[in-house]
Amino acid sequence: MLVGEMLNRIINKEITINELATMYSVTNQTIQRKIKKLGYEWDKKKSTYKYIGKLPQPLDTDFSALFRKKQPSNYKRIQIKNKDKKKTSYSKDTSDILDVLLVRTKSPPKRVYQGFYLDKDVLSIINSVPKNYKSELVNEALRKVFKEKGLL
């Protein structure tokens with residue numbers, strides 16, 4: 001995501017600092033520090049970012065490039081339990097649509113609203129995804145199961 005796009009989304013309340021922190025696996029303070037390091041300052045009265053750095057503004061800078069990548073994007077994270085310790089390893093597999101949605105890369109199409117009761121464990125996974133991608137995640141998860149059962 002480009003810096004200019006990210007700042008506009010924050011100002012328009014389409015994304016929060018907390019959601020960005022989750023997206024990049026860092027803390028809220030780290031996101032705020034990166035924005036400040038780029039030369040932006042939050043104006044509380046106007047609820048917007050002011051640029052106070054050296055010109056030109058870094059609006060076309062890729063914000064994700066400011067973070068070290070812990071794993072290549074085409075690697076899947078696998079949790080392996082060894083007795084009492086958890087180990088994290090990576091395997092080079094092609095990701096399916098659920099993996100893509102969990103890293104928040106696809107914009108949601110128009111949907112029809114329908115409410116359901118969910119179990120707490122399922123809801124916690126859905127809530128770990130930013131609000132703009134929750135419906136997409138649920139639709140793709142259900143679509144995958146329905147295809148496996150031959151219903152779609």
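How many salt bridges does the count come to by the rule used here? The count comes to three salt bridges, where a salt bridge is a side-chain nitrogen of Lys or Arg within 4 Å of a carboxyl oxygen of Asp or Glu.

1. Basis of the note. This is a predicted model, in which local features need pLDDT of at least 70 and side-chain atom pairs count only at pLDDT 80 or more, while totals for chains, interfaces and linings use all residues. Residues are numbered from 1 along each chain as its sequence is written, and side-chain values use heavy atoms, with hydrogens and water left out.

2. Arg-9 and Glu-14. A salt bridge joins the side chains of Arg-9 and Glu-14, at 3.7 Å from N to O. Arg-9 counts as buried at 13% relative accessibility, whereas Glu-14, with a relative accessible area of 38%, is partly exposed; here buried means under 20% relative accessible area, exposed over 50%, and partly exposed in between, with a 1.4 Å probe and protein chains only.

3. Glu-41 and Lys-50. The closest N and O atoms of the salt bridge between Lys-50 and Glu-41 are 3.9 Å apart. Lys-50 is partly exposed at 38% relative accessibility, and Glu-41 is likewise partly exposed, at 36%.

4. Glu-140 and Arg-143. The side chains of these residues, Glu-140 and Arg-143, meet in a salt bridge of 2.8 Å, N to O. Both Glu-140 and Arg-143 lie in helix H6 (residues 134-148), three residues apart, which is about one turn of the helix; helices (H or I, at least four residues) and strands (E, at least two) are DSSP runs, numbered from the N terminus. Glu-140 is buried, with a relative accessible area of 12%, while Arg-143 is partly exposed, at 31%.

5. Aromatic pairs. Three aromatic pairs are found in a search of the whole structure, the rings of Phe, Tyr and Trp (its six-membered ring) being paired if their centres lie within 6.5 Å, with planes under 30 degrees apart counted as stacked, over 60 as edge-to-face and the rest as tilted. The ring centres of Tyr-24 and Phe-63 are 5.6 Å apart and the planes stand at 70°, so this pair is edge-to-face. The pair links distant parts of the chain, 39 residues apart, with Tyr-24 in the loop between helix H2 (17-23) and helix H3 (28-37) and Phe-63 in the loop between strand E2 (48-51) and strand E3 (75-82). Both Tyr-24 and Phe-63 are buried.

6. Asn-8 and Thr-48. Asn-8 lies in helix H1 (residues 3-11) and is partly exposed, with a relative accessible area of 46%. Asn-8 and Thr-48, 40 residues apart in sequence, are 8.7 Å apart in space, C-alpha to C-alpha.
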